[in-house]
Amino acid sequence: MKNQCDLIVGIQWGDEGKGKIVDLMAQNYDVVCRYQGGHNAGHTIVVGDKTLALHLIPSGVLNPDAINIIGNGVVISPEALIEEMKQFGDTLEGRLFISDKAHMILDHHILIDQARERLRGAKAIGTTGRGIGPAYGSKIERSGHRIGELRDTQKLTQNLIDYFETYKAIFDAMEIKTPSFDTLKEELDGFAKELLPFVEDTTSLVWKSIDEGKRILLEGAQGTLLDIDHGTYPFVTSSSTISAGACIGLGLNPKDIGKVTGIVKAYCTRVGNGPFPTEDLGEEGKLLGKNGHEFGTTTGRPRRCGWFDAVAVRYASRINGCDQLSLMKLDVLDGFEKVKICVAYEIDGKRVDTLPQSLENITPIYEEFDGWSDSKGVSKYEELPANAKAYVDKIEELTGTKVGLISTGPQRDESIIL
Ligand code: IMP
């Protein structure tokens with residue numbers, strides 16, 4: 001069977017509310033997979049009286065009948081993953097599988113990430129400081145280490161010690177202290193003990209699941225505008241966040257991908273540095289942040305807020321092949337007298353309708369619409385205020401993509417399925 005892996009992808013700069021949609025959808029799938037990123041991602045979910053934080057484990061973990069795969073494209077901090085797994089006690093056996101080809105984030109990657117950000121000073125990217133860039137960097141420059149190498153910790157430790165020795169001058173210059181053989185070996189032995197029971201060839205596992213006709217959900221992390229190639233480089237994360245990343249990060253072929261759902265906020269936020277044409281630094285931006293509780297789940301940093309950028313979303317929808325959009329947090333716009341959508345950019349006095357290589361020095365061209373109140377909690381399209389309906393229609397028209405779901409609050413039932 002072909003085209004049976006449905007995919008969820010962020011369409012802006014991350015934090016679009018993928019967590020709510022994936023939680024909703026995960027109940028209907030047999031297999032849920034992560035394919036890129038690391039513990040820079042995160043969402044919290046409330047189950048009964050417990051609040052669970054997910055950074056690396058796919059959201060299918062809440063469905064007792066689903067299996068969860070962390071693909072080869074993910075970078076894994078063994079320490080962070082072990083900590084996250086503890087929340088689920090011994091219930092993960094046979095339900096969590098980690099690719100033996102996934103690269104590890106080790107302490108030196110985290111220290112390099114933080115040192116580089118310090119050295120960049122005013123030009124800092126504003127990373128999450130989780131070692132993501134250096135770990136992907138090691139992978140690309142072929143000095144990284146895969147989880148499967150925990151099967152021989154003696155050899156792995158020696159390889160790392162040799163690497164630290166070769167690059168001693170660089171580590172010294174960054175004031176990074178590297179571990180001794182014994183300390184490192186002990187740490188890696190601990191990781192091996194906890195993680196190896198879950199490590200396997202996940203590409204074969206996904207293929208087998210496809211052959212058996214299982215329903216598979218692919219869960220993207222971060223967002224399209226943070227993609228290493230197609231995002232706002234260099235203010236991006238270090239992985240392929242777009243739908244095509246799922247092929248690389250799991251070992252799928254393009255024909256395996258089925259329905260693609262783009263997750264997009266009814267306005268726009270960004271955390272970290274970098275250009276953001278529709279950012280609103282005034283009172284309205286502050287109000288969006290306040291009403292939308294816009295603080296990063298992983299780092300707690302306040303998110304920058306602004307208006308819906310239809311140019312960027314149209315681009316993102318095309319690059320991901322979105323069949324539909326889930327429009328999140330529409331209720332956050334409740335109470336605004338006027339709401340704005342950026343319909344084009346002005347660059348050097350010219351109107352531009354496509355996303356340029358650089359988003360610096362852009363003036364957004366806005367269309368303004370009458371606002372509404374009382375969309376909060378609405379679950380039937382008919383009950384949505386007329387101006388809110390007009391806003392959704394405009395988004396469909398400008399992005400060329402139909403809206404399949406409107407979210408009007410954090411709860412599962414605060415959703416309009418169209
Ligand atoms: P890194 O992924 O930690 O290297 O950070 C690079 C950029 O991506 C920074 O601007 C981060 O704020 C941003 N970023 C990384 N992960 C997320 C996420 O899950 N949501 C939103 N922004 C993120």
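This is a predicted model: local features need pLDDT of at least 70, side-chain atom pairs count only at pLDDT 80 or more; totals for chains, interfaces and linings use all residues.
Helices (H or I, at least four residues) and strands (E, at least two) are taken here as DSSP runs, numbered from the N terminus. Residue numbers start from 1 along each chain as its sequence is written, and side-chain values use heavy atoms, with hydrogens and water left out.

On the domain level, the protein chain splits into domain 1 (5-77 + 203-417) and domain 2 (103-197), with bounds that come from an automatic or database domain assignment. Their centres, taken over C-alpha atoms, sit 30 Å apart. Domain 1 puts 22 residues into the contact and domain 2 puts in 16 residues, where contact means heavy atoms within 4.5 Å.

Next comes the ligand. Because domain 1 and domain 2 both give residues to the shell around the ligand, the ligand lies between them. That shell has 16 residues, and Asn40, Thr128, Thr237, Val271 and Arg301 are the closest; a residue is near a molecule if one of its heavy atoms lies within 4 Å of it. By type, the shell holds seven nonpolar, seven polar and two charged residues (Ala, Val, Leu, Ile, Met, Phe, Trp, Tyr, Cys and Pro count as nonpolar, Asp, Glu, Lys and Arg as charged, and the others, Gly among them, as polar).

A polar side-chain atom of Asp15 is 3.1 Å from a ligand nitrogen atom, while a backbone N or O atom of Gly126 is 3.4 Å from a ligand oxygen atom. Val271 uses a polar backbone atom, 2.9 Å from an oxygen atom of the ligand. Taken alone the ligand exposes 470 Å², and the protein buries 96% of that (Shrake-Rupley areas with a 1.4 Å probe). Asp15 itself sits in the loop between β1 (5-10) and α1 (18-26), and has a positive phi of about 60° although it is not a glycine.

As for the strands, two of them pair if DSSP finds at least two bridges between them. Ten strands make an open sheet with mixed pairing, in the order β9-β7-β5-β2-β10-β1-β11-β15-β19-β20. Its edge strands, β9 (199-200) and β20 (415-417), each pair on one side only. Within the sheet, β11 (residues 257-265) and β15 (residues 324-328) run parallel and are joined by five bridges, with Val264 bridged to Leu327 in β15.

β3 (residues 43-47) and β4 (residues 50-54) pair in the antiparallel sense over five bridges, and His43 has Leu54 as its bridge partner in β4. The two form a hairpin with two residues between them, and Gly48 in the turn has a positive phi of about 60°.

Finally, the peptide bond from Tyr233 to Pro234 is cis, with omega near 5°. Pro234 is found in the loop between β10 (216-219) and α9 (245-250).

Terms used: A polar contact is a pair of N or O atoms within 3.5 Å; within protein, one must be able to donate a hydrogen and the other to accept it, and residues adjacent in sequence count only if both atoms are side-chain atoms.
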